[in-house]
Every structure is written in C-alpha cells, then in structure tokens.
Amino acid sequence: MSKKIIIDPVTRIEGHLKVEMEVDGGTVVEATCTGSLFRGFELIMRGREPKDAQQLTQRICGICPQSHGLAASLGLEEALGVEPPENARIMRNLMQGINYIMSHILHFYHLVALDYVKGPETAPFSPAYEGDYRLSKKENEVFIGHYRQALDIRKKCHEMLALFGGKMPHSVTSVPGGVTEKPTVDKIVSFQWRLKEVNHFIDQVYVPDVQAVGKAYEDYFQIGAGSRNFLSFGVFPLDKAHHQRLFKRGVYLKGRAESMDVNKIREQVKHSWYSNETSDKNPKQGTTSPQVQKGGAYSFIKAPRYAGLPCEVGPLARMWINGDYRKGVSVMDRIVARALESEKIGQALEGWLTQLKPSEKTCRHAAPVRQGEGAGLTEAPRGALGHWIRIVEGLTQDYQIIPPTNWNCSPRDDLNVRGPMEEALLGTPIKDPRNPIEAARVIRSFDP
Amino acid sequence: MTRREFLRIFGATAAGIGLAGGITSSVLAGEKAEKVLPVLKKIAADRPPVVWFQAAGCTGCSVSLLNAVYPDIAEVLTKIISLQAHPTLMAATGEGALGVFEEAVEKQAGKYILIVEGAVPTAEKGLYGRFGEDERGDLTLLDWVRKLGGAAKAVMAVGTCAAFGGIPAAEPNPIGAKSVGAVLGRKVINVPGCPPHPDWMIGTLAHLLLFGLPELDEYSRPRLFFREVIHFNCPRYYDFEKQRYARHLGDEGCLVFLGCKGPIAQADCSQRLWNNGVNWCIGSKAPCLGCVQPEFPDKLSPLYAALPEEKLRPKIHPNEKKKPGETK
C-alpha cells in the first residue's frame with residue numbers, strides 16, 4: 001500500500017513551495033512540486049517605462065536581487081543598443097560574485113545545515129524532524145558555532161556588494177549603460193580586505209564543513225540524481241564582448257556537451273495555473289495569463305524545456321558544463337559543487353579587483369528607444385536566469401522571466417514528463433513517513 | 001529612543017555576555033546571561049514570543065534583518081526574544097512548521113508579536129498564495145494573516161509590501177495584493193522600506209518591548225525613523241540649492257531630474273547609511289526610489305523621471321519647528 005506524504009510548506013527556502021509524494025515500500029515512487037505563490041511581475045512590467053525593469057524585477061528575489069537586476073540591465077542594453085564601459089563589466093562581476101558567495105554560505109549554513117546538524121533545543125531550531133542526525137556531539141557543537149560565524153561572513157559579503165551597489169538587498173547602481181558608482185581606491189581596498197576574510201572562511205571552514213557532512217552522509221552521493229541534463233547561460237564575462245566567461249554557456253544533454261541555443265527553450269503550462277493557449281512558447285513570444293482554478297494544474301511554476309528536455313540548473317550544472325566538477329549527480333554533489341564554486345569565485349574576485357580603473361568611466365548614457373527587444377541571460381547563484389523585454393512605442397509591451405527555480409522545480413510538461421526535482425525525489429528512501437527528512441534533503445539540495 | 005540609546009541597550013549584549021571574543025558553541029544554546037544589563041534582562045527574562053510570517057514578498061526583509069550589525073542578530077533571535085517561527089530560519093518544515101504557527105494562535109493568543117513580510121493576495125479567495133492545507137483544502141496566505149493577526153498582541157508590517165502593498169499591489173495588481181493593515185482592520189505598525197533597514201525593524205521591535213507603542217505618523221510608521229525627508233539631509237542638497245543637476249546617471253550634481261525621490265521620501269538613510277555604514281542609494285550616485293513611501297512604486301513611476309515641480313521643494317523643513325520662538 002502506498003502512502004501519501006505532503007511537505008507543505010517547505011521552509012528554509014526563498015518563496016513558497018509544496019511537495020507531495022507517494023511512498024511505497026519505504027521509497028518515494030511519485031512526486032509533484034508546487035510553487036504556491038504568484039505575484040505577477042511579468043504583468044506588472046507591462047506599460048511601464050522600460051528602464052524601471054532593473055529596479056522592479058530585483059524585487060523578485062531578496063536573496064539574488066543582484067542577478068535579476070543584471071539580467072534586466074543586459075536585456076535593456078540589447079534593446080537600447082548601449083554597451084557599458086569595462087569598469088562596469090568588472091564591477092558587475094564583483095557584485096554578482098560576492099552575492100554568489102553570500103547566497104551559497106547562507107544556503108549551506110542557514111537553510112540546509114539543519115537537515116544534517118541538530119540545532120539547539122530552542123525556537124526556531126526546535127521542533128525539527130527527528131532521527132538520523134549523524135554528527136558527534138562535539139562536531140555538532142562546532143557546527144553550530146560555524147552557523148553563527150557564517151551569519152557574520154554573509155553579512156560582510158553584503159557590505160562588499162553595497163560598496164559598489166549602494167545597499168543590499170536590492171542594490172541600485174546597475175543600470176542600463178553601466179554602473180552609477182565609481183570604483184574609488186578606498187572602496188577597492190575595503191572590498192579587498194573583507195574578501196581576504198571571506199576567502200579564509202571558505203577555505204578553512206565552509207569547504208571542510210561540507211566535506212565533513214559529505215563523509216557522515218556518504219549515502220547522499222547516491223540519492224537525488226534527477227534529470228541529469230544540465231543548462232547554463234554562462235556568467236562572469238571576462239572580456240568586453242562576453243566571448244569568454246568564468247563559467248561557460250552551454251548544455252549537457254543525455255551525456256553530451258553541446259552549445260546552448262536560446263531558441264530551443266520553450267515554456268509549457270499544461271500542469272501550471274496558466275491558460276493552455278499560452279503553452280510551448282519561446283520566451284521571446286511568450287506571455288503570462290494566470291488561471292488559478294484550472295483543472296489538472298498544480299503549480300504557479302511553468303515548465304521550461306530545452307530541446308524538449310527538463311534541465312537542472314545551478315552550481316552543479318555550471319561546474320559540470322565548465323568541466324570543473326564531474327564526480328556525480330546527487331544531493332551531496334550539489335552541495336559540494338556549491339562550495340567548490342564559492343572557492344573558485346572567491347579567487348577570481350581577487351583578480352578582478354586589480355583590473356578596475358578608478359579614473360575611467362563606469363556608465364554610458366542609454367537613450368530611450370521607441371521600438372526594441374532584448375534578452376538578458378545570466379546566472380543567478382541558484383541557476384540560469386533569463387529576462388526578455390519587448391519595447392513598443394517607448395513602453396514595455398511584454399516582459400518574460402525564466403528564473404532558475406522554474407527549471408529545477410518545474411511541474412510536469414505538456415508530455416507529462418517530470419521536472420528535475422520531481423525526478424530527483426523518485427527512489428529516495430523514507431524511513432519514517434512522519435519525518436521525511438530524506439526528501440527534505442533532496443529538495444533543499446537544489447536551493448529552491 | 002535615539003540611536004545612541006538603542007545602541008547602548010542592545011550593543012551592550014555582545015560584550016556583556018562575553019561573545020565578542022570568539023565563536024562558541026554555547027552561543028546559541030541558551031547559556032545563562034548573568035552579566036546582561038538590567039534593561040536587557042527585563043526583556044530577556046520573559047523572552048517575548050515573536051512569530052514571523054511571509055506572505056507575497058521576496059524574503060528581502062528577512063535577509064535585511066540578518067544584516068543587522070548591532071545588536072548581534074543571533075543574540076536577539078535566540079536570547080532576547082523567542083522567535084517561535086520564521087519560514088526562512090525555522091528547523092521545522094511541512095506539518096511541523098504549520099503546527100508551530102497553529103500553536104501560537106491556540107496557546108499564545110494575545111501574547112505574541114506578529115511580524116508580517118510581504119503583501120496579502122486577496123483576489124480569487126486568496127488562492128494566488130497558498131500555505132499548507134487542512135481537511136477542507138488549501139489554506140491561503142490570506143487565511144493565515146487573518147488567523148495570526150487576529151490573535152496577536154501587536155502586529156508589525158515590515159517592508160513596503162506588507163505596509164502599503166508595494167510592488168505586488170502595483171498596477172494591474174493581478175493578485176489583489178493588499179497591505180496587512182487593510183486586511184486585518186486593526187492597528188498595525190508599519191516599518192516600510194524595500195527592504196527596511198535592519199535598525200528600523202529591530203528598533204521598532206525594541207521600542208514595543210521596552211517602551212510600548214512608538215509614536216507613529218499618518219502612515220503608521222514610527223516617527224523615530226521616518227520623519228525628515230531625505231532631501232534636506234542629502235550631501236547633494238547644496239548642489240540642489242546651487243541648481244547643479246546631474247543630467248545622466250553617474251553624473252555629479254543633484255539627482256532630482258534623474259528621478260530622485262529624496263524630496264518626498266521620509267527616512268533617515270542619509271544619516272544611518274546601509275550595510276554597516278558602507279554606502280546608501282544616493283551615496284552610490286543613484287537616485288532615491290522613495291521605497292519607504294506608500295506611493296511606491298506606481299505614483300513614483302517612471303522611477304527615473306523627475307517628481308512634479310511642486311514636490312521638488314518640500315514646504316517646511318521639519319527642523320524649522322524647533323527654532324526658538326517658533327509657535328507652531
């Protein structure tokens with residue numbers, strides 16, 4: 001007899017998520033993921049001044065606003081035909097990079113760790129799922145100390161971002177045409193000094209802690225594989241024309257690396273609360289038309305597909321496509337890839353800082369246009385992020401966004417194929433249906 | 001309470017408990033705080049229960065809260081108050097998490113302070129935002145805000161979405177997003193901002209706990225933080241007086257013609273600064289968006305367009321009221 005398990009709400013994530021599973025013989029045999037909140041940013045953007053997009057869309061995510069602002073800026077730069085100066089490219093890399101590190105540290109210590117480490121017996125760390133906490137009492141205590149230290153380090157990351165971004169969350173300086181802030185030497189030094197501390201934490205605390213958790217929970221290298229297809233839009237351009245990036249643009253489909261063709265993306269909505277007529281469109285032609293009572297639908301998340309296939313996005317996808325990490329695809333591989341990516345970015349930031357030119361321009365004027373379109377493709381910490389804008393008569397006519405969670409937590413598509421997280425949950429052993437901690441570990445490994 | 005008093009009260013905690021020197025495992029484990037100052041002891045003795053709920057928002061307010069420098073945020077959350085529930089931080093998930101919220105309503109009615117982040121979707125019976133379920137089906141964010149808000153001792157709406165509707169309520173407001181105050185029909189303390197500065201959130205909470213309800217303005221914002229308009233305290237105000245205006249983003253000069261909302265935005269950003277004092281919006285050469293105002297974003301859009309002429313020069317500088325001999 002199979003048993004139904006519902007995890008609603010999934011806490012310690014950004015947003016509202018519900019997961020429903022069928023468990024048979026102690027194993028998950030079916031799973032659905034439900035994005036349970038709709039705000040309608042794409043509809044809100046219509047009819048507005050195009051340049052407002054980079055401010056408004058940052059508010060989609062309080063953890064990765066920088067990435068949304070950047071995606072919007074890139075899309076607008078294409079539509080308005082303006083190219084930011086080199087200083088702006090470098091400053092954006094610095095801001096984006098330090099926010100990756102902030103996000104990854106927050107994810108491991110404050111969102112994920114409590115699935116592996118027993119928190120103190122006080123609210124909000126108690127109550128928690130029971131059983132299967134494997135660290136020794138001493139290791140556990142050290143870890144709780146690191147939880148706290150990580151709070152301080154992630155806060156410093158935001159200070160670094162604010163040096164060039166004005167404030168965080170929701171920075172103000174990245175605009176179509178460049179960055180308003182100037183890379184003065186005091187800011188460079190202030191960034192650099194904190195970076196030393198952050199990189200020390202990554203090397204001496206974060207990476208070793210991830211290794212320790214990986215050792216204690218070795219079986220999680222075998223759990224939660226998912227779709228095994230990867231997609232990355234590429235991020236951190238290393239030259240003016242974005243020919244080279246720290247993380248390559250590409251896809252990895254059915255065991256083969258290929259170049260990424262954005263025209264092969266379709267968003268499908270058969271199982272999402274949107275009008276069926278809008279299904280299977282490339283975001284360039286896409287639209288958003290909610291139908292909250294639609295039968296057979298179970299999520300506000302659409303189902304993006306690349307060449308018809310569900311794809312996992314995020315640090316493991318980026319590291320895999322880049323050839324930096326190809327050990328395996330699992331819960332623990334995602335967590336390890338995230339830590340190793342932080343290390344790589346931390347080192348890159350040191351180099352980029354030295355490329356800033358305090359006396360040179362950071363921003364070019366972006367004159368408004370009557371008609372135009374643009375796509376802003378980048379990577380948020382949690383995966384591929386795309387913004388598409390169409391300007392008609394000087395105003396935003398259409399705006400489409402595919403955030404990373406649409407890829408990872410997508411519901412079934414028009415052919416009823418599961419999304420990556422749904423697929424990853426299949427086969428997960430569940431010891432105690434009242435405490436499905438194993439499933440929670442699979443879900444949070446994606447950083448939904 | 002001034003910023004100085006606030007820092008005196010809360011800044012003392014780290015030193016008082018001996019935490020400043022290092023990271024110890026006992027920090028979060030409820031170690032006895034014997035050396036805590038009396039005023040802090042007063043709060044810590046009862047550890048007043050606080051419940052944080054997220055409606056239609058982006059978690060940015062929660063992340064901003066974690067950016068608090070003084071007081072130490074881990075200390076506040078685990079020792080000073082009893083943070084019963086916070087969706088981003090709580091260990092419990094699924095049914096266990098729902099249980100924590102339910103228990104607050106059932107067993108701590110009239111005792112807990114509710115903090116809501118995010119606007120409340122009201123269209124389609126609230127079905128644009130769902131959170132858990134009961135025997136009758138999906139529960140909505142609207143159900144929860146009503147339930148939690150009805151039983152709370154006091155309600156704080158943090159962030160402009162919760163306080164005034166904010167971006168989710170922007171035209172065409174597809175989900176019928178409303179402010180927490182509009183949904184509850186009871187006194188709500190608004191701490192707006194997109195996001196609010198951590199000092200504003202913790203300061204308001206501290207005021208509630210130490211001295212009761214803070215003095216509020218017409219938008220139910222604590223006057224302590226939202227009083228003077230940014231314009232008068234702006235380092236570029238002199239440029240405004242001298243009519244030196246920035247023409248393009250990144251230029252020197254007053255930013256009013258690039259859409260700066262400093263002349264109407266009431267907040268202390270220019271003095272308090274953000275992220276441990278490293279910067280702030282106008283400091284980074286970008287115009288103020290007026291994110292603390294009920295007009296944000298629709299009535300302040302296009303964001304990079306100048307305010308109407310009559311609003312560029314605010315009528316009375318609030319400090320003028322303090323002039324000797326002034327009778328107003």
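1. The model is predicted. Read every point below on that basis.

2. Contact between the chains. Chain B puts 70 residues into the contact, and chain A puts in 70 residues. On the side of chain B that touches chain A, at least two residues come from each of α3 (60–66), α4 (73–80), β2 (82–85), α5 (95–107) and β5 (130–134). The most come from α3(B), which gives five residues.

3. Composition of that side. The residues of chain B that touch chain A split into 40 nonpolar, 26 polar and four charged.

4. Helix pair in chain A. Helix α4 (residues 86–112) and helix α6 (residues 185–216) of chain A have axes that come within 12 Å. Those axes cross at roughly 35°. The crossing of α4(A) past α6(A) is left-handed.

5. Residues at the crossing. From α4(A) come L94(A), I101(A), I105(A) and F108(A). They meet F191(A), V198(A), Y206(A) and V210(A) of α6(A). By class, the contact of α4(A) with α6(A) holds eight nonpolar residues, no polar and no charged.

6. Domains of chain B. Domain 1 of chain B covers 8–211, and domain 2 covers 227–321. In chain B, 13 residues of domain 1 are in contact with 10 residues of domain 2. The domain 1 side of this contact in chain B has six nonpolar, five polar and two charged residues.

Conventions
Residues numbered from 1 in each chain as written. Chains lettered and ligands numbered in written order. Predicted model: local features only at pLDDT ≥ 70, side-chain atom pairs only at ≥ 80, totals over all residues. Domains from an automatic or database assignment. Contact = placed C-beta atoms within 7 Å. Nonpolar A, V, L, I, M, F, W, Y, C, P; charged D, E, K, R; others polar. Axes fitted to C-alpha atoms, helices over the stretch in contact; angles between N-to-C directions. Helix = DSSP H or I, 4+ residues; strand = E, 2+ residues; numbered from the N terminus. Left-handed = near helix turned anticlockwise from the far one by under 90°.
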